[in-house]
Amino acid sequence: MENVKLPDFVSNILKNMWVSCSEKAAKALSEMINKKVEISSTSLKLMRINEVPKLLNPEDATTTIIFTQLIDPIKGVIILSTPLKNILKMADIFLHKRLGFFKDLRDENLPVIKEFASILTGYYITTLNELLEIKYRYSAPFLYVNPYRAIEKFGLGSVYKEKIYVLTFKVSFKITEEEIKKDVVLLFGEDSIKQLLEKISKKIKFDIE
Amino acid sequence: MSKKKIMVVDDEENLSELVKAILEREGFDVIIANSGIECLEKLKTVQPDLILMDIMMPIMSGRETTEKIRTNSKTKNLKVAFLTVARFSEVGMDSLKKMNVADYITKPFDNNDLVKRVKRLVG
């Protein structure tokens, strides 16, 4: 798996699929908060799962992760990752507070933060359902403040004991007006990558080697 | 004939008051609850014909409040409609349907449209 590289055209298909999900999520978010939301960058990488925290800005001790497990038919994880101050700003916006009102996670803002993550994730799941012609079963959102602990809970295996490879799609959203940045990462484990490619190949008729 | 009772559940008091004014003008009896917890408390003594519920609320979201309404034998059949800024995807809408939500009205709303939909829901 170390030397595996996806053919360029497959990478492009997957990346387009990911961008399509992200554009719908960005549009919905923009309508919800009545502010301009931009997609600032996207990337697709194959990596060991224990390297995933590097994608999630671990050097910032306040990085907050909210993830949803995609249970079946194709196992995966959708992660919303952002510094704590950014997710608190979202809670300020949704709860009609002045920006900076919330200083920490607490009972008052947690339901809204989880609901926000759930709404955003819904756009990715809906688009995946449409593109892959499947009907995903998925978990409720989980919140963690340590990316290294979060990856142990993804349900993709013993991350520090086994060599687990994952396909990662990362997109960065920016709400310029409020200086809010957040990343969404989609992960698929090894078995899921094959299933994913099989689904796509059926739609556009190419052979998987 | 007794007036139809509508309960508006929203942490944004200005908005609740606005909805109350619009619906009272149309002859409805409107009760306000400023949180999910207050809604559940008021439901112990009041049986509204319709609950207009915000989703993004502190402490207990509209979704959690609705789930609690559905698990109580006295309130499980109450009609709930969401009145919210949230824009749901198809998957998100499916999860609302599972809670037997009667309608989904997005903020900002058109006053006439709100009245029309409320009348349809309690008619």
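**Ground rules**

I am working with a predicted model, where local features need pLDDT of at least 70 and side-chain atom pairs count only at pLDDT 80 or more, while totals for chains, interfaces and linings use all residues. I number residues from 1 along each chain as its sequence is written, with chains lettered from A and ligands numbered from 1 in the order in which they are written.

**Chain B overall**

I found five helices and five strands in chain B; helices (H or I, at least four residues) and strands (E, at least two) are DSSP runs, numbered from the N terminus. Along the sequence I read the pattern β-α-β-α-β-α-β-α-β-α for chain B. The radius of gyration of chain B is 13 Å, close to the 14 Å of the globule rule for 123 residues, so chain B is as compact as a globular protein of that length. That radius is taken over C-alpha atoms, and the rule is 2.2 Å times the number of residues to the power 0.38.

I also noted that the C-alpha trace of chain B spans about 35 × 30 × 25 Å along its principal axes. Buried residues make up 36% of the 123 residues in chain B. I call a residue buried if 20 or more other C-beta atoms lie within 10 Å of its own, exposed if 12 or fewer, and partly exposed in between, with C-beta atoms placed from the backbone.

**Leu121(B)**

Next I looked up Leu121(B), which is found in helix 5 (residues 111–122) of chain B. Leu121(B) has 18 other C-beta atoms within 10 Å, so it is partly exposed. Which residues does Leu121(B) contact, leaving aside its neighbours within four places in sequence? I listed Leu50(B), Lys79(B), Ala81(B), Ala102(B) and Asp103(B); contact means C-beta atoms, placed from the backbone, within 7 Å. Leu121(B) and Asp103(B) are 18 residues apart in sequence, and their C-alpha atoms are 8.1 Å apart.

**Strand 3 of chain A**

I then turned to strand 3 (residues 76–83) of chain A: seven of its eight residues are buried, so the strand is largely enclosed by the rest of the structure. Strand 3 of chain A pairs with strand 2 (residues 63–72) of chain A in the antiparallel sense over eight bridges; pairing needs at least two DSSP bridges between the strands. A hairpin of three residues joins strand 2 of chain A to strand 3 of chain A, and Thr64(A) stands opposite Thr82(A). Strand 3 of chain A also pairs with strand 7 (residues 180–189) of chain A, antiparallel over six bridges, and there Leu80(A) stands opposite Val184(A).

**Helices 3 and 4 of chain A**

Helix 3 (residues 84–94) and helix 4 (residues 110–132) of chain A pack at about 100°, with axes 9 Å apart. They are therefore roughly perpendicular to each other, a term for angles of 65 to 115 degrees. I saw Ile87(A), Met90(A), Ala91(A) and Phe94(A) of helix 3 meet Val112(A), Ile113(A) and Phe116(A) of helix 4.

**Where the chains touch**

The contact takes 18 residues from chain A and 18 residues from chain B. Helix 4 of chain A gives the most to the chain A side, with nine residues.

Conventions: Two residues are in contact if their C-beta atoms, placed from the backbone, lie within 7 Å. Axes are lines fitted to C-alpha atoms, for helices over the stretch in contact, and angles run from 0 to 180 degrees between N-to-C directions. Angles under 35 degrees count as roughly parallel, over 145 as roughly antiparallel, 65 to 115 as roughly perpendicular and the rest as oblique.
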